[in-house]
Amino acid sequence: MMRIVILGPPGAGKGTQAKSLAEKFKLTHISTGDLLRENVKENTALGLKAKEFIDKGELVPDELVNEMVTKKLNSLKDGFVLDGYPRNLSQAKFLDSLLKETRRDSFIIYLDTSEKVVIERLSGRRICSNCQAIYHIKNMPPKKDSLCDVCRGTLYQRPDDTVEMIKKRLQVYLKETQPILDYYSDRIMRISADEPKEIVFRQILENIENDLHKK
Ligand code: AP5
């Protein structure tokens, strides 16, 4: 069973690459950010608690996110791409305890990118309100303004994609998430993510293939 974890700062392209990987390998794409936003939209108890943290660009408390991820993983029979989780050392250790089996088909991918690129990407990002497809006003524009190419849903800008909030999320990333790169140092695949989407995807596939040959 293939399991891919994608790490990287906000705007590195985790969601973009996770969607392509899920399609290629027929995996379930699990984005903790999307799951939390769905809960916020539906006003669930989790959503009401999570909103106050998301609105500040801070991490939602571990116990809430861990429970949500556990439920989701337990409901799956096949492989998955995990995007946006783990986000700190405690979540990384929790994930290891959930996935006790062999590491052979597990891949930890880190999308390495610069702050300048992150700000440019996130401030131009647009998302389909219906199917969550990801666009960028310059890099990946929709064929028709403000409408999703896939399902014709309306595109929107995330409220946490303002320059001020992006900087806050980057600070949180550096403090909380960056340290887990050391935790995964023996198995992480570093990908230079400043390149266009197709090149990043090719690099990820090459790394996965090389790793499979080594194992
Ligand atoms: P989350 O939704 O996970 O946001 P994030 O990590 O900040 O990442 P993003 O979704 O903003 O970026 P991405 O890397 O997926 O980039 P994308 O592919 O869209 O989390 C949001 C909030 O939820 C958090 O702040 C926190 O409060 C909470 N949360 C979530 N998970 C949590 C957890 N585990 N624990 C606690 N709290 C949690 O791409 C960005 C843009 O760039 C797009 O426009 C895209 O078209 C474009 N683009 C992508 N790749 C390329 C490329 N190669 N070249 C050019 N443009 C590109």
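Colleague: What's the phi of Lys 26?

Modeller: Positive, at about 55 degrees, although Lys 26 is not a glycine. Keep in mind that this is a predicted model, where local features need pLDDT of at least 70, side-chain atom pairs count only at pLDDT 80 or more, and totals for chains, interfaces and linings use all residues. Residues are numbered from 1 along each chain as its sequence is written, and side-chain values use heavy atoms, with hydrogens and water left out.

Colleague: Is Lys 26 buried or exposed?

Modeller: Lys 26 counts as exposed, at 69% relative accessibility. The cut-offs are under 20% relative accessible area for buried and over 50% for exposed, with partly exposed in between (1.4 Å probe, protein chains only).

Colleague: And where is Gln 132?

Modeller: Gln 132 is in the loop between strand E5 (125-128) and strand E6 (134-136). Gln 132 has a positive phi of about 70 degrees and is not a glycine. With a relative accessible area of 24%, Gln 132 is partly exposed.

Colleague: Which peptide bond is cis?

Modeller: The one from Tyr 85 to Pro 86, with omega near 0 degrees. Pro 86 lies in the loop between E3 and H5.

Colleague: Okay, on to the sheet. What's the strand order?

Modeller: The order is E2-E3-E1-E4-E8, an open sheet of five strands with parallel pairing. Two strands pair if DSSP finds at least two bridges between them.

Colleague: Which strands stand at the edges?

Modeller: Strand E2 (28-31) and E8 do, each with a single partner strand, so one side of each has no neighbour in the sheet. From one strand to the next, the twist averages 20 degrees. For angles, axes are lines fitted to C-alpha atoms, for helices over the stretch in contact, and values run from 0 to 180 degrees between N-to-C directions.

Colleague: How many bridges join E1 to E4?

Modeller: Five bridges join strand E1 (residues 3-7) to E4, and the two run parallel. Arg 3 has Ser 106 as its bridge partner in E4. E4 also pairs with strand E8 (residues 188-192), in the parallel sense over five bridges, and there Leu 111 stands opposite Ile 191.

Colleague: Why is E4 largely enclosed?

Modeller: Five of the seven residues of strand E4 (residues 106-112) are buried, so the rest of the structure largely encloses it.

Colleague: What about E1 and E3: how many bridges there?

Modeller: Four, with E1 and strand E3 (residues 80-83) pairing in the parallel sense. Ile 4 is opposite Val 81 in E3. Helix H9 (residues 197-214) packs on the sheet and touches E1, E4 and E8, its direction making about 155 degrees with that of E8. Contact here means heavy atoms within 4.5 Å.

Colleague: Helix pairs next. At what angle do H4 and H5 cross?

Modeller: Roughly 25 degrees, and the axes of H4 (residues 62-74) and H5 (residues 89-98) come within 11 Å. That makes H4 roughly parallel to H5; angles under 35 degrees count as roughly parallel, over 145 as roughly antiparallel, 65 to 115 as roughly perpendicular and the rest as oblique.

Colleague: Which residues make that contact?

Modeller: On H4, Asp 62, Val 65, Asn 66, Thr 70 and Leu 73; on H5, Ser 90, Gln 91, Phe 94, Leu 95 and Leu 98.

Colleague: And H2 with H4, what's the crossing angle?

Modeller: Roughly 105 degrees, with the axes of helix H2 (residues 32-41) and H4 coming within 11 Å. H2 and H4 are therefore roughly perpendicular to each other. Thr 32, Leu 35, Leu 36 and Asn 39 of H2 meet Val 65, Met 68, Val 69 and Lys 72 of H4.

Colleague: Last one: what does Thr 16 contact beyond its neighbours within four places in sequence?

Modeller: Ile 134, Met 140 and Lys 197. Thr 16 sits in helix H1 and is buried, with a relative accessible area of 17%. Ser 20 is also placed in helix H1 (residues 14-25), and, with its neighbours within four places left aside, Ser 20 is in contact with Lys 197 and Phe 201.
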